[in-house]
Amino acid sequence: MKERVQKFGRFLSGMVMPNIGAFIAWGLIAALFIPDGWLGKWGPAETINKMVGPMLSYLLPILIGYTGGKVVGGQKGAVTGALATLGAIASTDSTMFIGAMICGPLGGWCIKKFDKAMEGHIPAGFEMVVNNFSVGIIGGILAVLSIFVIGPACVVVTGVLGSGVAFLVNHGLLPLTAVLVEPAKVLFLNNAINHGVFTPIGTEQAMELGKSILFMIESNPGPGLGLLLAYCVAGKGETRSSAGAAAVIQFVGGIHEIYFPYVLMNPIVILGPMIGNIVGIFTLSALGGGLVAAASPGSIIAEMLMTPKGGYFANIAGIAVAAAVSFVISVFLLKFFGKDASLSEAQAQVAASKAASKGQAVPAASSGASVDARDVKKIVFACDAGMGSSAMGATMVRNKLKDAGVTGIEVIHHPVSEIPGDCQIVVTHHELAGRAAERAPQARIIPIKNFMGAPEYDTLVQELLAAQKGAAAPAVEEAPKAEESPAAEAPAETLLEKKNILLGCAPVTPEEAIRACGKLMVESGYVDEAYIQGMLDREASFSVAIGSHVAIPHGTNDVKPLIRRTGVVVMTYPDGIDWNGDKVKLVVGIAAKGDEHLEILGRIVGIASTDEDTDALVASADAETLFKKLNGLV
């Protein structure tokens, strides 16, 4: 039951969170330029204020519907969901956030079902016609349905929810919501509650009243601050010494998750933030506090930026009172009921809880959305830049599937920030599993420790093979292999030149190896010199050592414009480099404008898929042999 609630919560917040910047933009424009705003009397304010209504009525719901449709049905689902949402908007003057949360996924689901039904039945050459008309027709039908069914139903639901909130406010019961909110935070349901429930209702309230207290129920940084300060006073050892820094991060940075381990060490202290939030909400209600839009993240900076004119005293009081009450109660609980516990163990519990709530993988296992192996049609390998390691992993699994006789499954690679919404499985480095789960909540996440020869590959292939044998799944056209990619714009032999193969290099540091690769790229006219810093930044954020004694230095997405033409350089280190705990003997520097380099990466997979393969290659190969092997000349 807990997992189902978490999954549903992730789904709701997953439609709002990617668009939270638009909510903040709306809140800032409203706070500044409405007639009673900070700049409401300024000459152009009246003209600028004309954006406030359309943003709330059209832009924000359509963005939610578009995102919900994309999560379920990819790009076509996104457009269909947006069309359906527009129908709900047209049916009423009410703000259609809830309608968008229904119409978006419904549009994605309908187009997904249509595509599945038409699979294999579309005549060659008519794919684009069918795709475009199906979106238009299904989206139009859903828009009309939304006008007469979904929109009016959502008006009723919104009215009931609004009446419920009004009842709590009028009877002084709103503070009791903290009894649910604070424990839900530790279960990582905070985003689901805040952005799935409070933000939609609060935004409509803010449009009518200029502010809403609902924006401060979950995001108030006071309760967490009080708890962490209590540990500074009454904590012991590691917890006491670390709580001060954690308090700054939580209060100023808005990262509430940082205090969750301190709750798990002594669960009874949850009463501190809980009662503190109750008193804080009561204070805000009594003084008329509230924000003009969602504060994300829940830091004191965001709270102040979203505070309306004349509301600072009430909001600061609500935060301060919550912190003070949480502090006093937490100190008492720690002194009389606290127990010695390990912060590292508690942090591990938080990691596991966060993994379960976000679909992030726990090490050595796969998690995320439940996916039937018989339904797998697309597997995505995701890395930080989508340029090297993910491409090599995708090539390995594509080859393994072919060798095993598994058909009908597309294996592609993407940056972790651009994972398509229609994939069923995402394979990524375990350090990126959380980001992958946020980007693809519908997918099963498989974490690995290296992209070259991960043992999880064979397990996945066997699982898919067993599923296809048992279900006799219909075959569909396979994705082009790397060596057959139609995106290649230049012959592979021009990408690796003999002069850029350096053998027998003396051991150096990873930074020196990256700089040496970058220098070769600059001298060969592949990149501008500033690209080297992008390569170092890439290593700083995520190691380019990918296993099998191979490293593939390349730049971040930010420096991709500095690439003049695609090129590859190769350096061997027979004695090995200590690459942050990994041994590296083959270094392949990459500068790629498109997908032209995939042919060479695919060949590296073939000749260096294990530690032993790479060691033998480095020990025996000369420049001529490497040149021919990597350019496909032998």
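Which residues touch the most other members of the largest nonpolar core?

1. In the largest nonpolar core, which has 48 residues, those that touch the most other members are I379, F381, V427, Y457, L464 and V570. A nonpolar core is here a set of buried Ala, Val, Leu, Ile, Met, Phe, Trp, Tyr and Cys residues joined through side-chain atoms within 4.5 Å, where buried means under 20% relative accessible area, exposed over 50%, and partly exposed in between (1.4 Å probe, protein chains only). Apart from this core lies another, of 39 residues, among them I201, F215, I300 and A302.

2. This is a predicted model, in which local features need pLDDT of at least 70 and side-chain atom pairs count only at pLDDT 80 or more, while totals for chains, interfaces and linings use all residues. Residues are numbered from 1 along each chain as its sequence is written, and side-chain values use heavy atoms, with hydrogens and water left out.

3. Leaving aside residues up to four places away in sequence, L464 touches A373, V376, I379, L401, V406 and I409, contact being heavy atoms within 4.5 Å.

4. The structure holds 0 disulfides, a disulfide being a pair of cysteine sulfur atoms within 2.5 Å. For C154, which is in no disulfide, the nearest cysteine sulfur is that of C103, 6.5 Å away. C154 is buried, with a relative accessible area of 2%, and C423 also counts as buried, at 2% relative accessibility.

5. On the surface, L32, W38, L39, W42, Y312 and I316 form a nonpolar patch with about 540 Å² of accessible area together. W38, one of these residues, is partly exposed, with a relative accessible area of 40%.

Technical notes
Patches are made of residues with over 30% relative accessible area and no salt bridge: like charges are joined within 9 Å, nonpolar side chains (Val, Leu, Ile, Met, Phe, Trp, Tyr) within 5 Å. Accessible areas come from the Shrake-Rupley method with a 1.4 Å probe; for residues, only the protein chains shown count as cover. A salt bridge is a side-chain nitrogen of Lys or Arg within 4 Å of a carboxyl oxygen of Asp or Glu.
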